[in-house]
Amino acid sequence: MAIKIPIQLPYGAVYFRKSNPPREDWERDYAQASRDGYNIFRHWFMWGTIETSPGVYDWEDYDRQMELGEKYNIKAIIAEVTTCVPEWVFTQFPETLCENTQGEKAKSEMSVSCAVGGFYEGICLDTPVGRELTGNFLKALAKRYKGHPSLLGYDIWNECNYSHDHCYCKDTRNKFRIWLQNKYKTLDALKNAWHRYSLLSWNDVKPPPKLALYTECNDWLLFRKENAYDQMKWKVNILRQVDSDCLITAHGTAQSLENMAMGGSDEWMAAENVEVYGLTFVQSRKGNEGYKHWSALDLTRSGARGKRFWHSESQGGPLWYQPQVTGRPREDGRITEPEDIRQWNMTSLAGGARGILCPRWRPLLDGPLFGAFGAYGMDGTPTPCSEMTAQIAKWANGAQQGELLEASPVQGEIGILITPETQRGTFLLSRFGAKDSYAQAVTGAYRGFFDLGYQPDFVHIDDLGRYQNIYLPIPVMLDRSTADRIAEWVEGGGVLFSEGCPGYLDGSCHAGTVQPNLGLDQVFGVRELNVEFIQDILQDEPVLWEGRLFYGGEYIQSYSLMGASRLIGGNNDQVFASENRWGSGTAFLMGTSPGVGYSNHPWEEQKKIFKWIAERMGLKAHVVCGNPRVRARIQTNGESLFLWLINGDHSVQNTDISFHGQFTCGEIEKIYWRGGSISVSNGTIQAEIEGRNAIIVKLKEEKHVKNRRN
């Protein structure tokens, strides 16, 4: 189904979360937002505030939002918040409520994000009555607003993830058994896989009481995620049954690296179910280091797989009280200045976002998040921050920016392969006293290449064939199918650089007797000589490399050669890093995690290991800035080439920009945003960029290769 968004760049905020803002300010706020170029609001349509008694709906406040949106030409995204459960459900239908491992039912709590009761865990959609009640509300919601002139669409999952502690109710346990029956077919097969040899019937099968590195725990984590995204699809289908034409959106938190195993954050699975995906990323919670913002954008863009994505919650104001801010300086995202908003918005657009919404239009007046995130004042009046958002909103929706915003980022020079089974493995190991190093390894690898000027993409195994160069971080647990596909891809001409212990454990948490495991010894042309899993020691113990020291992490694995070439050696003919031709491709292997090492020690000397890796792989950066404080990104619409230069520093920065590989620059054809000065001489660009500002230009190429969009 083709989706037409009648807005060049959706720019707005979350506005109404009952009971903020105050009713008497609504029309004034809408008029101000419209004057400032805002064209979209997302509102929280909270079930618990609407269905005030069974089958009785209070739509008055929400109808008014839609009326005002129509009057002031501000489109509405209806965020269905069925996680806000009516109070009467807790008393009349307790059997529908989520349950933790101790058998305790969910209780109605106040939400810090809106100061309304009925949160957080609420109804379990595995219960028949819970699904019926939820479905009835969603149908009533869609019937009421179908075809409304201000309706743009629905946001069907806010920050796609789920509780680590729920649900263990009888209906979920029954559904888990059905899932296991589909996987294992027979009880005997399950008994052997789980090593629970005395199970008498399927009714004896239960979710594991404690999580650790066992097959039953891996199965439980897999089931939880699949079940959650089946429920997401169910919500989409409910809305589609009533309104087949509406836009369906959702947004996550760009936490696939750290919260996929237990909390279900998965940008690929979430984006698959919607027309527009998005992310929440606020510097006050995450930190203001540039690579953090860029990596969140690149992760969301990769998960969206070419679909439009929005920065669905982008910071517009300060954050006072939350544990993430404690101990950090004010300039680390805690206090928001207009120039911060300018730089953050331009970074989001350079990273490919084609919509920007602030978490609040104006701050909440109730609860511990009072005063947070909004660009406007507590009373809704303009501020220097809101004036900056107005400038960007009007600029982004000017006709002269149309061609620019139709473009999207080119594919990165290197892909970082994301393997969910590895994250499950490291997470389950962490329950036995280890540190979960997966996010650290992936982020360190991303940062290593990013700091050298590359654009690293995050790659799902299904997208492996689109890339020539792949980095595989901390692959200690791999499914057989993943190992087979990697081997096939390398054989077909791919260039792989893998950190150590690839497939040490198979997808059932079982360690192989031959390492590398799963046939990967043939791909890498080596056999393990020795391995030490000593992540705590390696955090501060360097490894010798070509006469210099660098930091690895997690483990040290050494090899004997079985056809590969030695790159880095140790004592007694041990090989620490190798290179092997496999079919038409090349497989590099290093017996530790440079990604973990760079996360722990992001120093200039440590960066050299990633420069060495890039040289070995034959990487060529699309565009290189002589000044590392300036970030350059290339976008294309298939015909034209656009260059975004972002200065995240507070001071003016000068830089040369040169092009490599398939991209060249003849001259500048058009300037879209002039946050400094720019010129071209002999194919090299010179730019002076104001602090926390950007320069955006259209380039006239000497030659151009079409269809290079990501």
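A salt bridge here is a side-chain nitrogen of Lys or Arg within 4 Å of a carboxyl oxygen of Asp or Glu. Keep that rule in mind for this tour of a predicted model.

**Stop 1: the domains**

Colour the chain by domain. Domain 1 takes in 9-167 + 244-397, domain 2 covers 412-615, and domain 3 runs over 621-697. Now select domain 1 and domain 3 together. Their centres, taken over C-alpha atoms, are 33 Å apart. Show the residues where they touch: domain 1 brings 18 residues to the contact and domain 3 brings 15.

**Stop 2: the interface of domain 1 and domain 3**

How much area is buried between domain 1 and domain 3? The value is about 1,400 Å², with carbon and sulfur atoms giving 58% of this area.

Turn to the charged pairs next. Between domain 1 and domain 3 there are 4 salt bridges. For a salt bridge to zoom in on, select arginine 633 and aspartate 298. Their side chains meet at 2.9 Å, N to O.

Which elements give two or more residues to the side of domain 1 that touches domain 3? Select helix H12 (290-304), helix H14 (338-350) and helix H15 (384-396). Then keep H14 highlighted, as this helix gives the most to that side, with 8 residues. Colour the domain 1 side by residue class, and you will find 6 nonpolar, 5 polar and 7 charged residues.

**Stop 3: a salt bridge elsewhere**

Zoom out to the whole model. The count of salt bridges comes to 42. To view one of them, select glutamate 275 and arginine 240, whose side chains meet at 2.9 Å, N to O. Glutamate 275 sits in the loop between helix H10 (267-272) and strand E8 (277-281), while arginine 240 belongs to helix H8 (residues 215-242), so the pair ties together parts 35 residues apart in sequence.

**Stop 4: two annotated spans**

Select residues 22-362. UniProt, in an unreviewed entry, lists this span as "domain: Glycoside hydrolase family 42 N-terminal". The span is 45% helix and 13% strand, and its end C-alpha atoms lie 11 Å apart.

Note on methods:
Residues are numbered from 1 along each chain as its sequence is written. This is a predicted model: local features need pLDDT of at least 70, side-chain atom pairs count only at pLDDT 80 or more; totals for chains, interfaces and linings use all residues. Side-chain values use heavy atoms; hydrogens and water are left out. Domain bounds come from an automatic or database domain assignment. Contact means heavy atoms within 4.5 Å. Buried area is the accessible area (1.4 Å probe) that two parts lose on being put together, summed over both. Helices (H or I, at least four residues) and strands (E, at least two) are DSSP runs, numbered from the N terminus. Ala, Val, Leu, Ile, Met, Phe, Trp, Tyr, Cys and Pro count as nonpolar, Asp, Glu, Lys and Arg as charged, and the others, Gly among them, as polar. UniProt positions are given in the numbering used here, feature names are shortened, and annotations may be inferred rather than shown by experiment.
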